[in-house]
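Q: I would like to learn how to read a structure feature by feature. Can we go through one together?

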Amino acid sequence: MKKIIFILFFIAVSSCKNAEVSPSDAINTTDLVTTEEGLTNALNGAYALFKDHITFNGIVDQNNMYLRQFYQLSDFASDDIVCGQVTEDPLFYSFNLLHSPGQSNTRYFWYVSYKIITGVNTIIDAVEKSGKNDVKTQQLLGECYFLRAYCHFNLVRLFGKPYTVDSNSPGIILRTSLTDEAKKARSTVAEVYNAVIADAEKGASLMSLSRGVQYASKEAAWALLSRVNLYKEDHAKTIDYSNKVIASNRFKLETKTSYPALFANAKAGNETILCVAFTAIDDYGKFGSIASMVFSDGNSGWGEEYASSSLRSLMSKHPEDVRWSYIRPLKDGDGSVQKKNGIEVYYISKFSFQDGSPNLSSPILFRLSEMYLNRAEAEAKMGNTGAALDDVDQIRTNRGLEASLYQKALPSGSTAMDVVLDERRIEMAFEGHRTYDVYRNKRKMNKTYWGYHIQGLKETDIDLSKTPSGYPNLSIDFTNPRIIYFIPVDEVLSNPQAIQNP
């Protein structure tokens, strides 16, 4: 089996790109408050940290990038993506649940998340001390509150139990002030959620301008509040914030014609509420891109992870569904799907083909479809089945399934939640949602399919005509401690108050 190669190199500090990377611990607060340009540049540096490869522990590792780690830590633990081989890359621990406090991907994600948070805290502190309250300054300040909320929320999803499972369990360390003690205990999951909601609400109240979908906006804050309240099961607020985004009329659902091009053209997408804008300069190629592990044109990526047979089975009822366009089988000359290490190769292209590049995209963090699905789930949990199915039909109408609408009638043997979660799974596949959707709803992750998430699997064991049985972790319950990650060893060793996850 091929081993993942780690490329380590130092990046010269002379490039303007890297000049934007390091504002979070080296910001001149005088420049921030006296010039709009200074404030904007500092905030741009915070945005850049979502996509740049930065120094961690004295080196720059191209495998380390906020978004790459977030999607891998989230999606590779789900039943949407199958692992196509054994690897020494720490991404493997998401598949096989053999986590450790020292794995490099969680350590980097923790580090860069708090680097972003420290950066925006510095800006917030400087601006609020200045007393500046013009519209442009308030917009940028609101974006800072949004980014702090977003980063705290992603941290608590990865390192804390779902709110619905145990809201009083340890979450993550809240950093909402520059005067916070370095050695600080983890707040509870509930406390983190409250802080995230407060920051997102404040951000929404401050933002009144639209700087483009690559920057936070009032609607992006509402979308975050819709998501957070969904996870918290505050159904009324979920519906309210979803309605706010939908009623803003700033966005519209892509059609079956336009949807296949959405992710390659995210910055101009009708559905895009917020994306991280990549350019040709940010095309990391085979090393370090989001796409390179899940897609390859033969040379562009490692292409070691594929769309799972579980997801494909769910979608198989509707070959006319345009969402198949993001699942690309690798075929032989006779049309047969190729296998690697015994696993059928169905590449994933949601992070490919911006400007034609197989490794370039501007990942979408929030889009309109999610608002319909958030609202549908809240309606379903409130017993409003008809309303929930109407929202699901809004999605299906625009995905080539006009002839297969529910029209307020549940399929035999299915609940409204079954329908909503299945639609959510297909619509939001590979976008970092699936693990959280399963476990926050106290369901089991069913990984009863062939793949190298199965510990000790050999290619000779694989028989695609049969269902695997007798292996550990084929079904993962929401009570399993490994549905979340260990607090990184760096934090635990330097901060005795940061109690480790069991």
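Q: Is E233 buried, partly exposed or exposed, and why?
A: Exposure is read from relative accessible area, with under 20% taken as buried and over 50% as exposed. This model is predicted, and in it E233 has a relative accessible area of 33%, so E233 is partly exposed. E233 lies in the loop between helix 9 and helix 10 (235–247).

Q: What is the phi of E233?
A: Phi of E233 is near 65°, which is a positive value in a residue other than glycine. N473 is another such case, with phi near 60°. The loop that holds N473 runs between strand 11 (445–446) and strand 12 (475–476). N473 has 28% relative accessibility and therefore counts as partly exposed.

Q: Why does Y326 count as buried?
A: The cut-off for buried is under 20%. Y326 counts as buried because its relative accessibility is 4%. Y326 is in the loop between helix 11 (309–315) and strand 6 (327–329).

Q: Which residues is Y326 in contact with, leaving aside neighbours within four places in sequence?
A: The contacts of Y326 include Y259, P260, A261, L262 and F263, and also Y347, I348, S349 and K350. For P260, the C-alpha atom is separated from that of Y326 by 7.4 Å, while the two residues are 66 apart along the chain.

Q: Which residues touch the most other members of the largest nonpolar core?
A: In soluble globular proteins, nonpolar side chains tend to be buried together. Here the largest nonpolar core has 95 residues, and those touching the most other members are Y66, L67, F146, F159, L224 and F366. Helix 7 (residues 135–159) gives the largest share of this core, 14 residues. A second, separate core has 32 residues, among them F92, F95, M293 and I426.

Q: What does F159 touch, not counting residues up to four places away in sequence?
A: Among the residues touched by F159 are T106, F109, W110, G171, I172 and R186. The list also includes I484, Y485, F486, I487, P488 and N501.

Q: How many aromatic pairs are there, and why is the pair of F153 and Y231 edge-to-face?
A: A pair of aromatic rings is described by the distance of the centres and the angle of the planes. The count comes to 28 aromatic pairs. For F153 and Y231, the ring centres are 5.3 Å apart and the planes are at 65°, so the pair is edge-to-face. F153 is in helix 7 and Y231 in helix 9 (residues 218–232), 78 residues apart, so that the pair links distant parts of the chain. Both F153 and Y231 are buried.

Q: Which residues form one aromatic cluster?
A: One cluster is formed by F50, Y66, F70, Y71, F109, F146, Y150, F351 and F366.

Q: What sits over the ring of W302?
A: The charged end of K286 does, 4.3 Å from the ring centre.

Q: Which residues lie nearest the centre of the largest cavity?
A: They are R157, Y436, Y439, I483 and I484, out of 23 lining residues. Helix 4 (66–75), helix 7 and helix 15 (434–440) are the elements giving two or more residues to this lining. Helix 15 gives the largest share, four residues.

How values were computed
Residues are numbered from 1 along each chain as its sequence is written. This is a predicted model: local features need pLDDT of at least 70, side-chain atom pairs count only at pLDDT 80 or more; totals for chains, interfaces and linings use all residues. Side-chain values use heavy atoms; hydrogens and water are left out. A nonpolar core is a set of buried Ala, Val, Leu, Ile, Met, Phe, Trp, Tyr and Cys residues joined through side-chain atoms within 4.5 Å. Buried means under 20% relative accessible area, exposed over 50%, partly exposed in between (1.4 Å probe, protein chains only). Contact means heavy atoms within 4.5 Å. Rings of Phe, Tyr and Trp (its six-membered ring) pair if their centres lie within 6.5 Å; planes under 30 degrees apart count as stacked, over 60 as edge-to-face and the rest as tilted. A charge sits over a ring if NZ of Lys or CZ of Arg is within 6 Å of the ring centre and within 35 degrees of the ring normal. On a 1 Å grid over the protein atoms alone, a cavity is a set of points where a 1.4 Å probe fits but cannot get out, and a pocket is an open set with protein on both sides within 12 Å along at least five of seven lines; lining residues have an atom within 4 Å of a point.
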